[in-house]
Amino acid sequence: MPLLKQGWEIDRPRWGVFALQAPDGHAGMEFTTGDLDPEAELTTRDARWQLWAGKSIDRPVWYATASTDTPVALLTAVTQCVADPAPLPRWREETCSYIKGMAQLTPILPSRPPAPTPLDVQRAVSSRRPAARPAASVPRWSTTSRSALPGPRR
C-alpha cells in the first residue's frame, strides 16, 4: 500500500476500522470492515474508505470517500498521489487561508535556459542562409492608371 511505503502509521481506533495517519499528522485514511449499507455509502460519509487532509476526520480541510464497489486500482492511484511527497505547484491566490500551517509555500522561479554548447553554435551558424546580395535595379511596373494621361484612350 502506497501510504505504508511513505511512513504512514496504522492504528485501530475502534472495532472494525483500520486507520492510517500521515507522518506529519496532516492527513489520514480509514477503512471500515464488515457489512455496510450500499445506499449510505453513496449518500453519507459512512463509506468503506475515507481519506482526508487535516488534523482530524471530524474537521477535515478536504475529504474523499469511496464505496465498497470502488475499483482497487482507483484507490491505489489516489493514495499514491496523496502519499507522494513531491511539491504541488499552486497559485498563491488559490490557496485558502484555512490551510495556514498545514502547507509549506515555496516560490517557484522559472528556470534559466541552458547555455548553448559549441555544437549548438556550430549548427546555428551552418544553418544560416548566406547573406543575400542586394538586388540589382529592376524596373517596376504599376497596375494603376492615371486619368490625366495625354493621348487617346483605348
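This is a predicted model: local features need pLDDT of at least 70, side-chain atom pairs count only at pLDDT 80 or more; totals for chains, interfaces and linings use all residues.
**Overall make-up**

The protein chain contains four helices and five strands. Their order along the sequence is α-β-β-β-α-β-β-α-α. Of the 154 residues in the protein chain, 21% are buried. When contacts between residues at least 6 apart in sequence are considered, 30% of them join residues at least 24 apart.

The five strands make an open sheet with antiparallel pairing, in the order 1-2-3-4-5. From one strand to the next, the twist averages 20°. Strand 4 and strand 5 run antiparallel and are joined by five bridges. Opposite Trp62 in strand 5 stands Ala53. Helix 3 packs on this sheet and touches strand 3, strand 4 and strand 5. The direction of helix 3 makes about 20° with that of strand 4.

**The nonpolar core**

In soluble globular proteins, nonpolar side chains tend to be buried together. Here the largest nonpolar core has eleven residues, among them Leu3, Trp8, Trp49, Leu75 and Ala83. Other members include Leu20, Ala22, Ala27, Met29, Leu51 and Ala66. Strand 3 (27-32), strand 4 (49-53) and helix 3 (72-83) are the elements that give two or more residues to this core.

**Arg48**

Arg48 lies in the loop between helix 2 (38-43) and strand 4. Is this residue, Arg48, buried or exposed? Arg48 has 10% relative accessibility, and because buried means under 20%, Arg48 counts as buried. Leaving aside residues up to four places away in sequence, Arg48 touches Glu30, Phe31, Thr32, Thr33, Gly34, Leu36, Glu41, Ala66, Ser67 and Thr68. One of these residues, Ala66, also belongs to the largest nonpolar core.

| Pair | Kind of distance | Value |
|---|---|---|
| Arg48 and Thr68 | polar contact of the side chains | 3.0 Å |
| Arg48 and Val17 | separation of the C-alpha atoms | 9.4 Å |

Along the chain, Arg48 and Val17 are 31 residues apart. Thr68 is both among the residues that Arg48 touches and its partner in the polar contact.

Notes. Residues are numbered from 1 along each chain as its sequence is written. Side-chain values use heavy atoms; hydrogens and water are left out. Buried means under 20% relative accessible area, exposed over 50%, partly exposed in between (1.4 Å probe, protein chains only). Contact means heavy atoms within 4.5 Å. A nonpolar core is a set of buried Ala, Val, Leu, Ile, Met, Phe, Trp, Tyr and Cys residues joined through side-chain atoms within 4.5 Å. Two strands pair if DSSP finds at least two bridges between them. Axes are lines fitted to C-alpha atoms, for helices over the stretch in contact, and angles run from 0 to 180 degrees between N-to-C directions. A polar contact is a pair of N or O atoms within 3.5 Å; within protein, one must be able to donate a hydrogen and the other to accept it, and residues adjacent in sequence count only if both atoms are side-chain atoms.
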